[in-house]
Amino acid sequence: MPLIVVPTSQLFRMRVAALLFTCVAFSAAAHGAYLPITVMADWCIFCWAFSFACTLLVLLVELFGLQARVPVSWSNFPITVACYAALLCLSASIIFPVFFLRHQLFYRVARDHRIVSTVFSCLAAVAYMGEVSLSKARPGEVAGYMATAPGLLKVCQTFLACIIFILISNPVTYDHHPALTWCMAVYCICFIVSMAVVVLCVGEWTGCLPIPFSKFLLAYGLLAVIMYLSATFLWPVFQFNYRRNDDPETIAASVITAINFLLYFADLVYSATLVFVSG
């Protein structure tokens with residue numbers, strides 16, 4: 001029968017704070033904010049609820065000392081959850097006030113609930129960033145891949161790809177030219193492979209690859225940089241010649257594509273260092 005072990009570390013306190021903040025954020029939004037039924041409202045609720053559920057799972061596993069019994073790498077899983085939660089809560093902290101506070105006319109009770117959700121979403125994002133900062137690997141420290149800079153870059157890459165999918169799919173803006181269809185293929189392929197890398201690391205299945213993991217990362221990193229470089233140029237060139245070229249979604253997708261290219265380039269540099277210097 002497992003005993004409950006209550007940690008007293010700063011990392012534990014940060015996780016408890018994030019748990020409380022996300023709980024308040026989605027509770028206030030769901031009960032009293034009177035949100036319209038829209039994709040953005042659903043996205044914000046999902047960000048807070050998903051972060052809350054995953055953080056609760058991490059806390060329960062650690063409280064009952066079940067790390068050795070869960071079928072994942074505990075050196076990789078908590079920081080992966082924290083990094084995704086930080087990005088989710090950060091996106092909700094930006095989207096929620098823009099769509100549901102600015103230029104909105106509603107009852108005072110609804111306004112107060114929306115303000116509470118916004119404030120606690122920001123606090124949750126800060127708490128998760130603090131958890132990531134406390135959990136990430138220090139120079140010379142032996143840690144799981146997801147606790148290193150390349151691992152955290154993989155999380156950011158997949159998250160930004162999801163944001164791109166949302167921006168270009170509602171409405172669909174990639175089906176009126178083959179070059180834009182290629183860009184969509186780039187986003188999908190790189191997202192799938194990067195997410196596969198995250199899953200392999202969290203599940204400790206990197207040994208199943210037919211080649212060394214470091215060389216796989218190098219080859220994939222080079223391919224992803226070339227593909228994203230093409231999308232960085234093709235997407236704005238062919239989108240801005242289209243009649244929807246003034247849409248904020250189109251501009252945002254172009255900017256995020258460029259940011260993701262830089263993340264993949266940084267990832268390639270780390271992978272090359274790992275193979276040619278450390279190896």
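**Salt bridges and their surroundings**

Author: D267 is buried, with a relative accessible area of 3%; buried means under 20% relative accessible area, exposed over 50%, and partly exposed in between, with a 1.4 Å probe and protein chains only. The model is a predicted one, in which local features need pLDDT of at least 70 and side-chain atom pairs count only at pLDDT 80 or more, while totals for chains, interfaces and linings use all residues. Residues are numbered from 1 along each chain as its sequence is written, and side-chain values use heavy atoms, with hydrogens and water left out.

The side chain of D267 meets that of K154 in a salt bridge, at 2.4 Å from N to O. The term denotes a side-chain nitrogen of Lys or Arg within 4 Å of a carboxyl oxygen of Asp or Glu. K154 lies in helix 5 (residues 149-169) and D267 in helix 8 (residues 248-278), so this pair ties together parts that are 113 residues apart in sequence. Helices here are DSSP runs of H or I with at least four residues, strands are runs of E with at least two, and both are numbered from the N terminus. K154 is buried as well, with a relative accessible area of 1%.

The structure holds four salt bridges. Another of them joins the side chains of E131 and R15, at 2.8 Å from N to O. Because E131 belongs to helix 4 (residues 108-135) and R15 to helix 1 (residues 10-30), the pair links parts that are 116 residues apart in sequence. E131 is buried, with a relative accessible area of 3%, and R15 is buried too, with a value of 3%.

What of the surroundings of D112 and R111, whose side chains also meet in a salt bridge? Their distance is 3.6 Å from N to O. D112 counts as partly exposed, at 34% relative accessibility, and R111 counts as partly exposed at 36%.

Side chains of opposite charge can pair when their charged atoms come close.

V98 is found in helix 3 and counts as partly exposed, at 39% relative accessibility.
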